[in-house]
Amino acid sequence: MSVTSMWRALLAALLIACAGAPSSALASSRHDATEASIIHALNGVRSTYGLPRLHTSRGLAKAADAHSATMQRTNSIGHGSYSQRVRRYVRTKKVGENVAWMARCDASAIVQMWLRSAAHRRVMLTKSFRRIGVGRRGSAKCFVTADFASAK
């Protein structure tokens, strides 16, 4: 089997897995397939810790997408004043953010990288976070932002 065939088979399997997931684990129309896969993977990790599922938020998705676009445009990674930035898009008491840069967009690898970092893992596993928005830019050079928020 060629490398191209293997990648196509892997992509097809990933899309089937996402299509078969409960609707609350899938992203809104605002999220692409990779972003939806990141949300699905995050919810899988949270469920192993007995934590509530994250639900997508259009406002958080817009905030995350805008930040990923900025990171791509400036070719840099960072949080900046994420609390103020996120609150321009949603009203909430508590916010958190994870960012990533990878040579290619791989949802599972991104979530695993966050799990290996104590600070990122703490954000992912914060019980009070109930909403999420994910923004991704690029493919060969993939910039990802995941913005988290409490229920209100």
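Analyst: Start with arginine 104, whose relative accessible area is 42%. This is a predicted model, in which local features need pLDDT of at least 70 and side-chain atom pairs count only at pLDDT 80 or more, while totals for chains, interfaces and linings use all residues. Residues are numbered from 1 along each chain as its sequence is written, and side-chain values use heavy atoms, with hydrogens and water left out.

User: Why is arginine 104 called partly exposed?

Analyst: Buried means under 20% relative accessible area and exposed over 50%, with partly exposed in between (1.4 Å probe, protein chains only). Arginine 104 has 42%, so the label is partly exposed. Aspartate 106, at 23%, is also partly exposed.

User: What makes aspartate 106 and arginine 104 a salt bridge?

Analyst: The rule asks for a side-chain nitrogen of Lys or Arg within 4 Å of a carboxyl oxygen of Asp or Glu. The side chains of aspartate 106 and arginine 104 meet at 3.5 Å, N to O, so the pair qualifies.

User: How many salt bridges does the rule give?

Analyst: The count is five salt bridges. One of them joins aspartate 32 and arginine 136, with N and O 2.5 Å apart. Aspartate 32 lies in the loop between helix H1 (3–19) and helix H2 (33–48), and arginine 136 lies in strand S3 (residues 129–137), so the pair ties together parts that are 104 residues apart in sequence. Helices (H or I, at least four residues) and strands (E, at least two) are DSSP runs, numbered from the N terminus.

User: Are aspartate 32 and arginine 136 buried or partly exposed?

Analyst: Aspartate 32, at 26%, is partly exposed. Arginine 136 has 18% and is buried.

User: What is the distance that makes arginine 85 and aspartate 147 a salt bridge?

Analyst: The closest N and O atoms are 3.7 Å apart. This pair links distant parts of the chain, with arginine 85 in helix H4 (residues 82–87) and aspartate 147 in strand S4 (residues 142–150), 62 residues apart. Both partners are buried: arginine 85 has a relative accessible area of 10% and aspartate 147 has 0%.

User: How do you know which strands make up the sheet, and in what order?

Analyst: Two strands pair if DSSP finds at least two bridges between them. Four strands form an open sheet in the order S1-S3-S4-S2, with mixed pairing. Strand S1 (55–56) and strand S2 (95–102) stand at the edges; each has a single partner strand, so one side of each is left without a neighbour in the sheet.

User: Which pairings does S4 make with S2 and with S3?

Analyst: S2 and S4 pair in the antiparallel sense over eight bridges, with threonine 145 in S4 as the bridge partner of valine 99. S3 and S4 also run antiparallel, joined by eight bridges, and phenylalanine 143 in S4 is the bridge partner of arginine 137. These two strands form a hairpin with four residues between them, and glycine 138 in the turn has a positive phi of about 85 degrees.

User: What makes S4 mostly covered?

Analyst: Nine of its nine residues are buried. Cys142, Val144, Ala146, Phe148 and Ser150 point one way from S4, and Phe143, Thr145, Asp147 and Ala149 point the other way.

User: Where does histidine 79 lie, and which residues does histidine 79 touch?

Analyst: Histidine 79 lies in the loop between H3 and H4 and, at 29% relative accessibility, is partly exposed. Not counting residues up to four places away in sequence, histidine 79 touches His67, Arg85, Glu97, Asn98 and Val99. The C-alpha atoms of histidine 79 and valine 99 are 7.3 Å apart, although the two residues are 20 apart along the chain.

How values were computed: Contact = heavy atoms within 4.5 Å.
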